Amino acid sequence: MKIICILPVHNESETLARTTESVVRWIRMRLSEHECLTVISENGSSDDTANITRRLAASLPSVRSISSTAPGKGGAIKRAATAFEADIFIAMDCDLSTGF
């Protein structure tokens with residue numbers, strides 16, 4: 001089963017790396033029997049979020065990134081869900097307010 005965790009992000013340069021590493025670690029510990037990706041969907045950030053997103057995708061094998069100039073959490077989730085195929089999609093806020 002393929003599972004994709006979507007992190008929609010906008011101006012999250014302060015927390016993005018820590019959150020992404022936490023999500024990847026959680027997935028690796030609890031869902032290792034499945035094919036899993038974490039997709040960071042950056043949407044029109046004015047800080048360094050887009051650059052951090054690309055660096056994380058380049059350094060972590062299970063992380064992908066997409067970027068758009070259009071703001072909006074819903075659009076960021078939809079872009080990620082249509083850009084990748086999976087059996088299950090999970091969307092989480094970058095501050096992890098939606099929890100694991």
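This is a predicted model: local features need pLDDT of at least 70, side-chain atom pairs count only at pLDDT 80 or more; totals for chains, interfaces and linings use all residues.
## Packing of H1 and H2

Two packed helices are described by the angle between their axes and the distance between the axes. Helix H1 covers residues 16–30 and helix H2 covers residues 49–59. Their axes lie 10 Å apart, and the angle at which the two helices pack is about 30°. Angles under 35 degrees count as roughly parallel, and H1 and H2 are therefore described as roughly parallel to each other. The crossing in which H1 passes H2 is right-handed.

On the H1 side, the residues that meet H2 are Leu16, Ala17, Thr20 and Glu21. Their partners in H2 are Thr49, Ile52, Thr53 and Leu56. Sorted by class, this contact of H1 with H2 holds four nonpolar residues, three polar residues and one charged residue.

## Thr53, a residue of the helix contact

Thr53 is part of helix H2 and is among the H2 residues that meet H1. Is Thr53 buried or exposed? Its relative accessible area is 2%, so Thr53 is buried.

With neighbours within four places in sequence left aside, Thr53 is in contact with Val9, Leu16, Ile40, Glu42 and Ser65. Of these partners, Leu16 belongs to the H1 residues named above.

## The cysteines

How many disulfides does the model have? The count comes to zero. A disulfide requires a pair of cysteine sulfur atoms within 2.5 Å. For Cys5, the closest cysteine sulfur is that of Cys36, at 9.1 Å, which is too far for a bond. Seen from Cys36, the closest cysteine sulfur is in Cys5, again at 9.1 Å and too far for a bond.

Both residues lie under the 20% cut-off for burial. Cys5 is buried, and its relative accessible area is 3%. Cys36 also counts as buried, at 13% relative accessibility.

## Ile77 in helix H3

Helix H3 spans residues 73–83, and Ile77 is located in it. With a relative accessible area of 24%, Ile77 is partly exposed.

Which residues does Ile77 touch, not counting those up to four places away in sequence? They are Ile6, Pro8 and Ala91. The C-alpha atom of Ile77 is separated by 9.5 Å from that of Glu42, and these two residues are 35 residues apart along the chain.

## Two loop residues

Asn11 sits in the loop between strand S1, residues 2–9, and H1. Its phi is near 55°, a positive value in a residue other than glycine. Asn11 is partly exposed, at a relative accessible area of 32%.

Thr69 is in the loop that runs between strand S3, residues 63–68, and H3. A relative accessible area of 74% makes Thr69 exposed. Thr69 and Leu7 are 62 residues apart along the chain, and their C-alpha atoms are separated by 16 Å.

## Asn51 in helix H2

Asn51, like Thr53, lies in helix H2. Whereas Thr53 is buried, Asn51 counts as partly exposed, at 33% relative accessibility.

The C-alpha atoms of Asn51 and Thr82 are separated by 22 Å. Along the chain, these two residues are 31 residues apart.

How values were computed:
Residues are numbered from 1 along each chain as its sequence is written. Side-chain values use heavy atoms; hydrogens and water are left out. Axes are lines fitted to C-alpha atoms, for helices over the stretch in contact, and angles run from 0 to 180 degrees between N-to-C directions. Helices (H or I, at least four residues) and strands (E, at least two) are DSSP runs, numbered from the N terminus. Angles under 35 degrees count as roughly parallel, over 145 as roughly antiparallel, 65 to 115 as roughly perpendicular and the rest as oblique. A crossing is left-handed if the near helix is turned anticlockwise from the far one by less than a right angle, and right-handed if clockwise. Contact means heavy atoms within 4.5 Å. Ala, Val, Leu, Ile, Met, Phe, Trp, Tyr, Cys and Pro count as nonpolar, Asp, Glu, Lys and Arg as charged, and the others, Gly among them, as polar. Buried means under 20% relative accessible area, exposed over 50%, partly exposed in between (1.4 Å probe, protein chains only).
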